[in-house]
Amino acid sequence: MNPFRYERAGDAGAAVATLAAAPTGAYLGGGTNLVDLMKLGVATPDLLVDVARLPSDRIDVRADGGVRIGAAVKNSELAADRTIRSHYPVLAQALLSGASAQLRNLASTGGNLMQRTRCVYFRDVTKPCNKRNPGSGCSARDGYHRSLAILGASEACIATHPSDMAVALATLDAIVHVQGVHGERAIPLVEFHRLPGDAPQRDTVLEHGDLITSVELPPSSFAARSAYRKVRDRASYAFALVSVAAALDVAGGIVRDVRIALGGVAHKPWRALRAEQALRGGPATAEAFGAAADTELAHAEPLEQNAFKVPLARNVIVRTLLDLAEER
Amino acid sequence: MDAEISLSVNGAVRHLTVDTRTTLLDVLREHLAITGPKKGCDHGQCGACTILIDGRRANSCLALAVAHQGALLTTIEGLAQGDALHPLQSAFIAHDAFQCGYCTPGQICSAVGMLDEAARGWPSHVTADLGAEPITLNDDEIRERMSGNLCRCAAYANIVPAIAEVAGR
């Protein structure tokens, strides 16, 4: 591991000013991903600005029913929060399906959004990887890519985003609040992560020095009927091959409104807007759910080893929506 | 680059000068000769390094010591009361819940943290009703909640009943 200086920020403004002045520094949250990448030599910051103890570790329920989640809230605390469990079950389920209990006790809300891909070539400094070393090439396209993207990938990169939490947040129309050198701004979660294009080294739209301060869940009339279903190679403690987060508002057998997002299939949480559009106002049936999934997945460009994700995603979308339609 | 830190380890306050790169696991093992926490994968994938940080179970291999100034750490060495073993230690012996023993300190520290989480009403991935309290620790719940601790000897078949006994089943 490269040597680094360590500073603990007193408040968000001080953290931003400190990191903005250090071009090769990084924020430290729970460290579950960053420290791992530093041991591998993938991340080599020369300064860590510790934001894990900034005073944004609260979950505040607002008068309008929305929720503001401080960036320092641990994944375990968020999953256990009674408001989240009852009003936003998709978020609690997604968090509980990720990592292990030990890691969730360390990992923060802001850090979860900033996770890097688990593509094996990104994590191996002896191999070309456009995300780690722009212009060096992609080892995955002609190598091991069973776990990688089927939607929105580019010639340069077929990595997937590893977060479960972010997939749930995509269905909840969450807003990411950020403080940067030019002040504060609010970024919709679905616009927070990028598709790789020709700059796969950039996972998010954040600029250097930007600090996530909180994640806001707007009030929702139907997020209480939501669920997260994750398919992986073992029953626990593994990243998603495919996951589906969904919320459904159904009355009299008709879909009044719906939110669907996919995990494990793209460089970002994949909000399935085409499938949602196809479902609104139509019947809440297996046939309609399948047709909507097909509409979304018609844009998939799978490779040899991950072609199975297309029918898998279709089936998981249908099953998740059917379960929600039958929920009382 | 060095940093001064203070930690409470199994009830004793320790003042140390450590390189900023040092993890809690390396502080315990290399600086304080507390070798219960084990270095397995060193990447947060196996759970052998699990300790309690301020009462919560965590992977000490991914926790930078400098970021845990003032923390209260509990390792397997801190669980017994004199010669009286912690109930989980006794149950692991009674149920033969280990073979080589390398993962055992992490398993037991993890189980201590897990029982506390369940007592707080925290759900897990296999909890059917997210609102259900109190939590009933059936075998599926124990397996899911302990999935962050791998055992290469596959002593799981005895680890689950050992934990179930202490959980009051």
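**Figure 1. Two helices of chain B meet side by side.** Leu88(B), Gln89(B) and Phe92(B) in H2(B) meet Thr104(B), Ile108(B), Ala111(B) and Val112(B) in H3(B). Sorted by class, this contact holds five nonpolar residues, two polar ones and no charged ones. As you explore this view, please keep in mind that the model is predicted. Helix H2 covers residues 87-94 of chain B and helix H3 covers residues 104-119, and their axes come within 10 Å and cross at roughly 130°. Because of that angle, H2(B) is oblique to H3(B). Which hand does the crossing have where H2(B) passes H3(B)? The crossing is right-handed.

**Figure 2. Chain B has two domains that touch.** Here you can look for domain 1, residues 2-77, and domain 2, residues 87-166, of chain B. Taken over C-alpha atoms, the centres of these two domains of chain B are separated by 22 Å.

Figure 3. Follow the backbone from Glu133(B) to Pro134(B), and you will find a peptide bond that is cis, with omega near -5°. Where is Pro134(B) found? Pro134(B) is in the loop between H3 and helix H4 (139-145) of chain B.

**Figure 4. Two loop residues of chain B have a positive phi.** Let us start with Asn10(B), in the loop between strand S1 (2-9) and strand S2 (12-19) of chain B. Asn10(B) is not a glycine, yet its phi is positive, at about 50°. Now move along to Ala33(B), in the loop between helix H1 (24-31) and S3 of chain B. Ala33(B) is another residue other than glycine with a positive phi, here near 55°. Ala33(B) counts as exposed because it has 7 C-beta neighbours inside 10 Å, and the limit for an exposed residue is 12 or fewer.

**Figure 5. Chain A and chain B come into contact.** In this view, 28 residues of chain A are in contact with 31 residues of chain B. Several elements give two or more residues to the side of chain A that touches chain B: strand S1 (5-8), helix H2 (34-40), helix H4 (82-87), helix H5 (89-96) and helix H6 (101-106) of chain A. Which element of chain A gives the largest share of that side? H6(A) does, with five residues. The residues of the side of chain A that touches chain B divide into 15 nonpolar, eight polar and five charged.

**Figure 6. Chain A has two assigned domains.** Look for domain 1 at residues 5-50 and domain 2 at residues 229-326 of chain A, as given by the domain assignment. The C-alpha centres of these two domains of chain A lie 36 Å apart.

Key:
Residues are numbered from 1 along each chain as its sequence is written. Chains are lettered from A and ligands numbered from 1 in the order in which they are written. This is a predicted model: local features need pLDDT of at least 70, side-chain atom pairs count only at pLDDT 80 or more; totals for chains, interfaces and linings use all residues. Domain bounds come from an automatic or database domain assignment. Axes are lines fitted to C-alpha atoms, for helices over the stretch in contact, and angles run from 0 to 180 degrees between N-to-C directions. Helices (H or I, at least four residues) and strands (E, at least two) are DSSP runs, numbered from the N terminus. Angles under 35 degrees count as roughly parallel, over 145 as roughly antiparallel, 65 to 115 as roughly perpendicular and the rest as oblique. A crossing is left-handed if the near helix is turned anticlockwise from the far one by less than a right angle, and right-handed if clockwise. Two residues are in contact if their C-beta atoms, placed from the backbone, lie within 7 Å. Ala, Val, Leu, Ile, Met, Phe, Trp, Tyr, Cys and Pro count as nonpolar, Asp, Glu, Lys and Arg as charged, and the others, Gly among them, as polar. A residue is buried if 20 or more other C-beta atoms lie within 10 Å of its own, exposed if 12 or fewer, and partly exposed in between; C-beta atoms are placed from the backbone.
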